[in-house]
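I opened a new notebook page for this one.

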Amino acid sequence: PREPSTPLATMAEWQKGILSCFSDCGGCIYGLFCPCCAVASARQKFDESDWCFNCLCLNPCVARNIIREGYGIEGSCMGDICKGFLCGLCVPCHLVNETNARGTLKSSLGTNNQEWKKGLCGCFSLGCGPCLYAFFCPACAMASARTNYDTSHWCFNCLCVPGALSHNVIREGKNIRGNCIMDIIMATCCSPCAAARALNETRDGQVA
């Protein structure tokens with residue numbers, strides 16, 4: 001999926017250390033002077049996801065988590081958060097170097113020919129509980145939807161992952177028609193309905 005791939009059975013180590021950014025001066029300069037662009041490029045290199053969407057919606061904590069779990073590298077969500085916040089300039093350089101060294105793991109591009117099970121305004125078919133959950137706490141509901149989808153950590157999703165990114169992960173992972181712009185619009189302007197629809201889409205228990 002466009003969001004964290006299933007971790008590999010054998011946990012690996014980083015090929016590049018977080019302080020070894022100077023091994024690639026170009027990547028180091030890129031990460032230092034435009035960290036959001038570097039993070040976007042690292043994830044694009046990792047799974048061929050949309051660079052502009054990554055630049056707008058991705059932060060160093062989430063990018064590190066996606067890339068670390070996708071490559072099956074040992075670590076935890078807490079480590080991703082701590083390094084993303086405390087080493088904010090080193091992490092983009094580190095991720096650029098790591099993805100340059102390892103290359104693309106799996107293309108995130110799918111056929112995107114499926115439809116949502118329910119329309120954006122079909123949230124009431126979920127029942128009162130999930131519907132109220134999505135309307136009173138859309139961020140929590142979207143986090144739950146993504147956790148249902150790929151078993152990622154709920155607290156991490158709730159605290160660090162923008163709703164547009166979770167929406168994008170679920171939509172593209174399930175090959176549903178749409179684009180990155182609509183993911184941003186839905187999660188920003190219609191967040192309760194988007195969260196309810198994502199909950200409905202992932203409540204079948206089929207894990208990515």
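First, a term I need throughout: helices (H or I, at least four residues) and strands (E, at least two) are DSSP runs, numbered from the N terminus. With that in hand I looked at what comes after helix 6: it is followed by G103, whose phi is positive, near 85 degrees.

Some ground rules for myself. This is a predicted model, where local features need pLDDT of at least 70 and side-chain atom pairs count only at pLDDT 80 or more, while totals for chains, interfaces and linings use all residues. Residues are numbered from 1 along each chain as its sequence is written, and side-chain values use heavy atoms, with hydrogens and water left out.

**Helix 6**

I checked the length of helix 6. Its 13 residues (90–102) should span 18 Å at 1.5 Å a residue, and the end C-alpha atoms are 18 Å apart, which agrees. The expected span here is 1.5 Å times one less than the number of residues.

Next I asked which residues of helix 6 are buried. I take buried as under 20% relative accessible area, exposed as over 50%, and partly exposed as in between (1.4 Å probe, protein chains only). The buried ones are V91, P92, C93, H94, L95, V96, N97, E98 and T99. Contact means heavy atoms within 4.5 Å, and what covers these buried residues includes helix 1 (25–33), helix 2, helix 4 and helix 5 (77–86).

**Cysteines**

How many disulfides are there? A disulfide is a pair of cysteine sulfur atoms within 2.5 Å, and by this rule I count 2.

C34 and C37 make one of them, with sulfur atoms 2.4 Å apart. C34 is partly exposed at 23% relative accessible area, whereas C37 is buried at 14%.

C137 is joined to C140, S to S 2.5 Å. Here C137 is partly exposed at 26% and C140 is buried at 15%.

I numbered the bonded cysteines of the protein chain in sequence order and got the pairing 1-2, 3-4. C82 is in no disulfide; its nearest cysteine sulfur, that of C61, is 8.6 Å away. C82 counts as partly exposed, at 34% relative accessibility.

C93 is buried, with 0% relative accessibility.

**P35**

I stopped at P35, which is found in helix 2. P35 is partly exposed, with a relative accessible area of 27%. Leaving aside neighbours within four places in sequence, P35 is in contact with Y30, L89 and P92. I also looked at P35 and C55, which are 20 residues apart along the chain: their C-alpha atoms are separated by 9.4 Å.

**Rings and charges**

Rings of Phe, Tyr and Trp (its six-membered ring) pair if their centres lie within 6.5 Å; planes under 30 degrees apart count as stacked, over 60 as edge-to-face and the rest as tilted. I found 1 aromatic pair by this rule. F46 and Y71 form it, edge-to-face, at 5.0 Å centre to centre and 85 degrees between the planes. The pair links distant parts of the chain, with F46 in helix 2 (residues 35–47) and Y71 in helix 4 (residues 60–71), 25 residues apart. F46 and Y71 are both buried.

A charge sits over a ring if NZ of Lys or CZ of Arg is within 6 Å of the ring centre and within 35 degrees of the ring normal. R102 lies over the face of Y71, 5.0 Å from the ring centre. The charged end of R197 sits over the ring of W116, 4.2 Å from its centre.

In soluble globular proteins, nonpolar side chains tend to be buried together. A nonpolar core is a set of buried Ala, Val, Leu, Ile, Met, Phe, Trp, Tyr and Cys residues joined through side-chain atoms within 4.5 Å. The largest one has 42 residues, and those with the most contacts inside it are F53, L58, V62, I67, L95, F156 and L165. Helix 12 (residues 191–202) gives the most to this core, with 6 residues.

So how covered is helix 12? It is mostly covered, with 11 of its 12 residues buried. Among them are C193, R197 and L199. The buried residues pack against helix 7 (128–136), helix 8 (138–150), helix 10 (163–173) and helix 11 (180–189).
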